[in-house]
Amino acid sequence: MSRSITIDDLYRIKFVGRPRISPDGKQVASVVTTIDERLHSYRSSIWITPADGGDPQRFTSGTANAGSPAWSPDGRWLAFVSEREGDYTAFSEEEQKDLKKLGKGKPQIWVISTSGGEARQLTFLRDGASQPTWSPDSKLLAFSGNTSPEVEETPDGKPIPQARVIDNLWYRLDGAGFTYQERQHLYLLSLEAPVTAIPLQLTQGDWNDSSPAWSPDGSSLAFTSSRQEDRWSFPADDIYTLAIEQGKPGTLRCLTDGNVSFGAPGWSRDGKTLAAPGAIKFGSAGHTSLYTISAEAPEGSQATNLTEASDISFTDFTNSDMGDEHLTPAPVWSEDGKTLYALGMYHGATRLYAVPVTGAVKEPETLTPANLHVRDFSADRSVQKFAVAIGTATTFPEIFVVNVAQSGEQRKLTNFNQELESELNLSAPEQLLYTGAEGWPMEGWILKPHDFDPSRKYPLIVEIHGGPHTQFGYGFFHEMQVMAAKGYVVLFTNPRGSSGYGRDFALAVRGDWGTKDSLDILAGVDALLAKGYIDENRVGVTGGSYGGFMTNWLVGKSDRFKAAVTLRSVTNLSSFFGSSDFGYAFAKDDFQATPWDNPEVYAEHSPITFAKNIHTPLLILHSEQDLRCHIEQADQLFATLKYLGREVQYVRFEGQSHGLSRGGHPKLRKERLGFILGWFDKYMG
């Protein structure tokens, strides 16, 4: 007999992702993450499943996390990244002391034979290594490694506090902390090198290099790097190529002109062309297109936009609480060079699209033509089989195999969550199409309680997404499913500013947060009220980040909501400019003004300006290490409302960053959901 989903079910979910199909298309490696209930911590391991079906087998052992699997082209090896403690016996006693100290708790690259055996540690870098990328002959590994100054310690191993000297505008990053002294560069290591060999550093300088990709003949690496003068204020990654000559770095070339920020590049089969997702440096509103450029193009050339006519955004920012990663894997070329396969988001879904390299196609063919959330993918050597991580609004993400010759067939490969899903009665979203402010067409979805009776009156919770340039849709949301299970109708919409509806739609709120978009949301509420089964005296609202901004805005502008919960929110755009890791970038791009040049506009669009009008009982939830929407934003709102004697409660989550709800401490994720439901139950139950 099925049952309702609960908050505690978070600990039973197996989070499945990073599908990597073997070159011969016969096996799929994937990463499975569980939560250790006793230690309240995540545990990730790599599993391998036959591509034609069969039981998955755990490939990495032990309690240390393992991820980022990468097959060697000959299929003999699987590289991965792990923080496990290595084998230092090949080093001298003095070297062992240094390596154990420097490598402790840092991700390093390991390799294991696909025929079995023990894993071997390849890197021993003080600041860790990531992104293992095999050369075509399976003899070399290019990878990314971080560099930073060594932290001085006391004799008993405790770090000595340091004075931080800051001279860059971009000096910290949410979830990472202070990054102003860190640089990421590319390295090269031979699989046949002795354990004690030091990787060859391929790139260096006062910038970051990432996303290495080997040319088909192994003669060069393509990668991304932001090296312009304003890189520490407004980074935009160009596409570079670096010749590899006899295992050493050769000629370096920057192919692109700095006007587009590119993601991971992919080579055509003939090695003549590169493709990459990219967003224009300013004014993209998060909209990402697919670009191509000749590998022999003059330095500083303009790449060709293949998807300028399409409303699809070629990245994944579909909201879900099944993980804190929003991935944009490199486009994959077909063997004949006529098609690019890439992830794209459109009207609430993220799908795997087949885009002709001739471009000018508004709606390219999709290999996954359904209302679903494709989180990641990879292709075999022949580009006939794809391993794809797919979730839906009512199913947890699992691994599927899609065959190009059988377009649309999605054969499910793993069932890690089958037992849990078989127990649960989950709510399927009902699409709501309505007209927003100024006649714009809008899309939203309704989740209803399991025993829904249209003759009854239900309390409503309105959920608002962050960004604003993301989208709600067909991603699985444990949080919303729990709300529906508790007897609430849940409404979630994509107002103007959302992604997946074209660049013009996303740009519609540029410089105008809070006005048009709020009216679009309220129009959705009114459209739902017209159906007759909502108790208009029991309507609540909640949202995180930009959704928290909008929650604060709505309750400061109206008393129509019975209760509200604001999450990791923005309250004061003027102080957001300097307190957020990227607040100044929003000022230049989204707000198109600085607080000192146009203080009136900042005040007009800041919820704190209207906080004196808030009479709705408000719960404020915020993470203490949130660097995207700094906790001072919540401090201001709480102090104002408490000073005014309003009904307000403030919960601060120790040690957590902006992504608490998607990948934060498991126990605090549960407590967060308990606070939210408890608040709505108190005022709307």
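## Strands, core and rings: a quick briefing

Serine 294 in strand β22 is the bridge partner of threonine 273. Keep in mind that this is a predicted model.

**Around strand β22**

- β22 covers residues 289-294, and five of its six residues are buried, so the rest of the structure largely encloses this strand.
- Strand β21 (residues 273-280) pairs with β22 in the antiparallel sense, with six bridges between them.
- β22 also pairs with strand β23 (residues 304-305), again in the antiparallel sense, over two bridges.
- In that β23 pairing, tyrosine 291 has asparagine 305 as its bridge partner.

**The largest nonpolar core**

- This core counts 94 residues, and the ones touching the most other members are Leu460 and Val462.
- Helix α12 (residues 666-684) supplies the largest share of the core, with eight residues.
- Leaving aside residues up to four places away in sequence, leucine 460 touches a list of residues including Val489, Val490, Leu491, Ile534 and Met684.
- As background, nonpolar side chains tend to be buried together in soluble globular proteins.

**Aromatic pairs**

- There are 38 aromatic pairs in the structure.
- One of them joins phenylalanine 576 and phenylalanine 586: the pair is tilted, at 5.7 Å centre to centre with 50 degrees between the planes.
- Phenylalanine 576 sits in helix α7 (residues 573-579) and phenylalanine 586 in helix α8 (residues 583-591), so their pair ties together parts that lie 10 residues apart in sequence.
- Phenylalanine 576 counts as buried because its relative accessibility is 3%, and the cut-off for buried is under 20%.
- Both phenylalanines belong to a cluster linked by ring pairs, whose members also include Trp513, Tyr546, Trp553 and Tyr602.

**Charges over rings**

- Arginine 227 lies over the face of tyrosine 240, at 4.7 Å from the ring centre.
- Lysine 588 does likewise over the face of phenylalanine 234, at 5.5 Å from the ring centre.

**Asparagine 494**

- You'll find asparagine 494 in strand β35 (residues 489-494).
- Asparagine 494 has 0% relative accessibility, so it counts as buried.
- Its side chain makes a polar contact with the side chain of histidine 465, at 3.5 Å.
- Not counting residues up to four places away in sequence, asparagine 494 touches several residues, among them Gly348, Met442, Glu443, Trp445, Tyr501 and Phe505.

Definitions and conventions: Residues numbered from 1 in each chain as written. Predicted model: local features only at pLDDT ≥ 70, side-chain atom pairs only at ≥ 80, totals over all residues. Heavy atoms only, no water. Buried < 20%, exposed > 50% of the residue type's maximum accessible area, 1.4 Å probe, protein only. Helix = DSSP H or I, 4+ residues; strand = E, 2+ residues; numbered from the N terminus. Pairing = 2+ DSSP bridges. Core = buried A, V, L, I, M, F, W, Y, C linked by side-chain atoms within 4.5 Å. Contact = heavy atoms within 4.5 Å. Phe/Tyr/Trp six-rings, centres within 6.5 Å; stacked < 30°, edge-to-face > 60°. Lys NZ or Arg CZ within 6 Å of the ring centre and 35° of its normal. Polar contact = N/O pair within 3.5 Å; in protein donor to acceptor, adjacent residues only side chain to side chain.
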